Amino acid sequence: MLRQKIIAGNWKMHKTSSEAESYFQEFLPLLQRRDFHKVLFAVPFTALRASSAAVGQAPIIIGAQNIHDAEKGAFTGEVSASMAKAEGAEFVLLGHSERRRLFGETDGWIAKKVRRALTDKLDVILCIGETQQERDEGKTAAVLEAQLRGSLAGVASEEMRTVAVAYEPVWAIGTGKTATPDLAQEAHALCRKFLERIFDKTIAERVPLLYGGSVKPEHMPALMQQPDIDGVLVGGASLDPEEFAQIANYELS
Ligand code: PGA
């Protein structure tokens with residue numbers, strides 16, 4: 001089955017609104033239009049409006065990197081789904097390992113954020129992944145299943161139409177140690193199996209699964225050839241328009 005390919009950048013805490021504008025001025029002419037893939041950017045809240053204005057009618061989708069689970073309320077410093085949407089976000093990254101590790105986000109809390117995003121009509125890229133220690137201890141499969149079950153608790157099958165999952169092994173994020181295509185494929189196949197257990201086969205085959213962790217342009221052909229890898233989520237290499245354009249313009253060899 002032909003799943004949508006997704007090439008997503010995650011800027012993390014980088015780029016002001018004017019830096020975002022200059023980025024897209026440089027990036028847009030470099031992007032080859034393809035009808036089989038979507039190009040997405042998860043940008044800081046403060047760059048949402050400038051980024052969505054800068055991409056204009058170009059086939060690029062802008063999103064946020066987090067939201068709070070509540071609709072509104074006394075949550076000093078937080079941003080709601082409807083606020084992010086009003087600034088131009090069409091999707092949100094949830095459960096990124098930096099949110100889990102540095103900001104104490106648990107699967108239970110992430111599940112509430114997923115619910116909020118779906119209720120308020122933001123698409124979701126749910127991030128999951130094992131640590132080096134969990135891999136060394138042979139716990140990778142159990143961790144991935146628990147994260148998928150926990151973070152998608154309360155999501156109905158039909159709502160999975162607007163959810164993608166990013167497998168990002170924590171040991172590969174920002175370390176330069178990208179997973180080999182075989183290892184990534186193996187983990188993606190596991191995720192698909194768990195999605196079938198949690199939902200059903202149709203859903204499991206439809207959900208786009210992205211790989212993330214030190215992706216560089218040279219990794220693209222081999223990664224994208226794997227049967228269960230439908231795209232990538234790119235941190236560091238998405239900050240440079242030329243490098244990210246090379247990733248988005250990948251050719252299968
Ligand atoms: P990286 O980040 O590409 O810099 O490893 C990926 C991510 O955290 O999404």
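Reader: Why does serine 214 count as buried?

Author: This is a predicted model, and every value here is computed from it. In it, serine 214 has a relative accessibility of 14%. Buried means under 20%. So serine 214 counts as buried.

Reader: Where is the place of serine 214?

Author: Serine 214 sits in the loop between β7 (209–212) and α10 (220–224).

Reader: What is the phi of serine 214?

Author: Its phi is positive, about 55 degrees, although serine 214 is not a glycine. Lysine 12 also has a positive phi of about 55 degrees, and lysine 12 is not a glycine either. Lysine 12 lies in the loop between β1 (5–10) and α1.

Reader: What makes glutamate 168 count as buried?

Author: Its relative accessibility is 5%. The cut-off for buried is under 20%. Glutamate 168 therefore counts as buried. Its place is the loop between β6 and α8.

Reader: Which residues is glutamate 168 in contact with, leaving aside its neighbours within four places in sequence?

Author: They are His96, Cys127, Ile128, Gly129, Ile173, Gly212, Gly213 and Leu233. Take glycine 212: it is 44 residues from glutamate 168 in sequence, yet their C-alpha atoms are 4.5 Å apart in space.

Reader: How do you know whether tyrosine 211 is buried or exposed?

Author: Its relative accessible area is 0%. Buried means under 20%, exposed over 50%. So tyrosine 211 is buried. This residue belongs to strand β7.

Reader: What does tyrosine 211 touch, not counting residues up to four places away in sequence?

Author: Its contacts include Tyr167, Pro169, Ala172, His188, Leu223 and Val232. Glutamine 225 is 14 residues from tyrosine 211 along the chain, and their C-alpha atoms are separated by 12 Å.

Reader: Why is lysine 38 called partly exposed?

Author: Its relative accessibility is 31%. Buried means under 20%, exposed over 50%, and partly exposed lies in between. Lysine 38 therefore counts as partly exposed. It is found in strand β2 (residues 37–42). Not counting residues up to four places away in sequence, lysine 38 touches Gln4, Lys5, Ile6, Ile7 and Ile61. From lysine 38 to alanine 58 there are 20 residues in sequence and 11 Å in space, C-alpha to C-alpha.

Reader: Now the helices. What makes α1 and α2 roughly parallel?

Author: Helix α1 (residues 17–27) and helix α2 (residues 48–55) pack at an angle of about 20 degrees. Angles under 35 degrees count as roughly parallel. So α1 and α2 are roughly parallel to each other. Their axes are 8 Å apart, and the crossing is right-handed.

Reader: Which residues of α1 and α2 meet?

Author: From α1 come Ser17, Ala20, Glu21 and Phe24; from α2 come Ala50, Ser51, Ala54 and Val55. By class, this contact has five nonpolar, two polar and one charged residues.

Reader: What makes α7 oblique to α8?

Author: Their axes cross at roughly 45 degrees and come within 10 Å. That angle makes α7 oblique to α8. The crossing is right-handed. On the α7 side, the contact is made by Ala141, Leu144, Glu145, Leu148 and Arg149. On the α8 side are Ala187, Leu190, Cys191, Phe194, Leu195, Arg197 and Ile198. The residues divide into nine nonpolar, no polar and three charged.

Reader: How do you know that the span of helix α7 agrees with what it should be?

Author: Helix α7 has 12 residues, 140–151. At 1.5 Å a residue, they should span 16 Å. The end C-alpha atoms are 16 Å apart, which agrees.

Reader: Which residues in α7 are buried, and what covers them?

Author: Thr140, Val143, Leu144, Glu145, Gln147, Leu148 and Ser151 are buried. Their cover includes α4 (97–103), α5 (107–119), β5 (123–128), α6 (132–136), β6 (163–167) and α8 (181–198).

Note on methods:
Residues are numbered from 1 along each chain as its sequence is written. This is a predicted model: local features need pLDDT of at least 70, side-chain atom pairs count only at pLDDT 80 or more; totals for chains, interfaces and linings use all residues. Side-chain values use heavy atoms; hydrogens and water are left out. Helices (H or I, at least four residues) and strands (E, at least two) are DSSP runs, numbered from the N terminus. The expected span of a helix is 1.5 Å times one less than its number of residues. Buried means under 20% relative accessible area, exposed over 50%, partly exposed in between (1.4 Å probe, protein chains only). Contact means heavy atoms within 4.5 Å. Axes are lines fitted to C-alpha atoms, for helices over the stretch in contact, and angles run from 0 to 180 degrees between N-to-C directions. Angles under 35 degrees count as roughly parallel, over 145 as roughly antiparallel, 65 to 115 as roughly perpendicular and the rest as oblique. A crossing is left-handed if the near helix is turned anticlockwise from the far one by less than a right angle, and right-handed if clockwise. Ala, Val, Leu, Ile, Met, Phe, Trp, Tyr, Cys and Pro count as nonpolar, Asp, Glu, Lys and Arg as charged, and the others, Gly among them, as polar.
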